[in-house]
Amino acid sequence: MSRVDSPSRKWSVLVVDDDPGLQGLFQTLFGRDGFSVDCAANGRVAFEYLKRGSYSVILLDLLMPDVNGFELLERLERESPRLLRR
């Protein structure tokens with residue numbers, strides 16, 4: 001957070017990665033700085049999170065099994081473009 005950010009604002013991060021170790025690492029690092037962190041193992045799960053809420057930051061792995069990061073971005077653009085423009 002920058003020094004001009006309001007301390008009352010709750011920042012949130014969505015970590016989209018199929019590696020549980022990286023999910024845990026990012027959850028710990030962002031959590032230490034006061035971020036609320038959600039983790040998704042693939043683009044399909046991430047899309048469901050994004051339909052339910054908004055995030056300050058999305059950390060997106062592009063190469064994942066099932067639905068990868070590129071496919072998630074294409075799906076968001078096609079089905080929910082408003083989610084990309086918040």
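This is a predicted model: local features need pLDDT of at least 70, side-chain atom pairs count only at pLDDT 80 or more; totals for chains, interfaces and linings use all residues.
1. Together with Leu62, Leu63 and Phe70, Leu73 makes up a nonpolar patch on the surface, and the four share about 390 Å² of accessible area.

2. Staying with helix 3, which of its residues are buried? They are Gly69, Leu72 and Leu76. Viewed down the helix axis, these buried residues fall within an arc of 55°, so they line one face of helix 3. Their packing partners are helix 2 and strand 3 (57-60). On the face turned away from that buried side you will find Glu74 and Arg78, both exposed.

3. The start of helix 3 is worth a look in your viewer. There, a side-chain oxygen of asparagine 68 comes to within 2.9 Å of the backbone nitrogen of phenylalanine 70. Phe70 is also one of the residues in the nonpolar surface patch described above.

4. Asparagine 42 lies in the loop that runs between strand 2 (36-40) and helix 2 (43-52). Is Asn42 buried or exposed? Its relative accessible area is 13%, and because buried means under 20%, asparagine 42 counts as buried.

5. What does the side chain of asparagine 42 reach at 2.9 Å? The backbone nitrogen of arginine 44. The Asn42 side chain also makes a polar contact, at 3.4 Å, with the side chain of aspartate 66. If neighbours within four places in sequence are set aside, the contacts of asparagine 42 are Val16, Met64, Pro65, Asp66 and Val67.

6. Finally, the overall picture. The protein has 3 helices and 3 strands, arranged along the sequence as β-α-β-α-β-α. Of its 86 residues, 31% are buried. Taking contacts between residues at least 6 apart in sequence, 58% join residues at least 24 apart. The accessible surface amounts to about 5700 Å², and carbon and sulfur atoms account for 53% of it.

Technical notes. Residues are numbered from 1 along each chain as its sequence is written. Side-chain values use heavy atoms; hydrogens and water are left out. Patches are made of residues with over 30% relative accessible area and no salt bridge: like charges are joined within 9 Å, nonpolar side chains (Val, Leu, Ile, Met, Phe, Trp, Tyr) within 5 Å. Accessible areas come from the Shrake-Rupley method with a 1.4 Å probe; for residues, only the protein chains shown count as cover. A salt bridge is a side-chain nitrogen of Lys or Arg within 4 Å of a carboxyl oxygen of Asp or Glu. Helices (H or I, at least four residues) and strands (E, at least two) are DSSP runs, numbered from the N terminus. Buried means under 20% relative accessible area, exposed over 50%, partly exposed in between (1.4 Å probe, protein chains only). A polar contact is a pair of N or O atoms within 3.5 Å; within protein, one must be able to donate a hydrogen and the other to accept it, and residues adjacent in sequence count only if both atoms are side-chain atoms. Contact means heavy atoms within 4.5 Å. The arc is that of the directions from the helix axis to the C-beta atoms.
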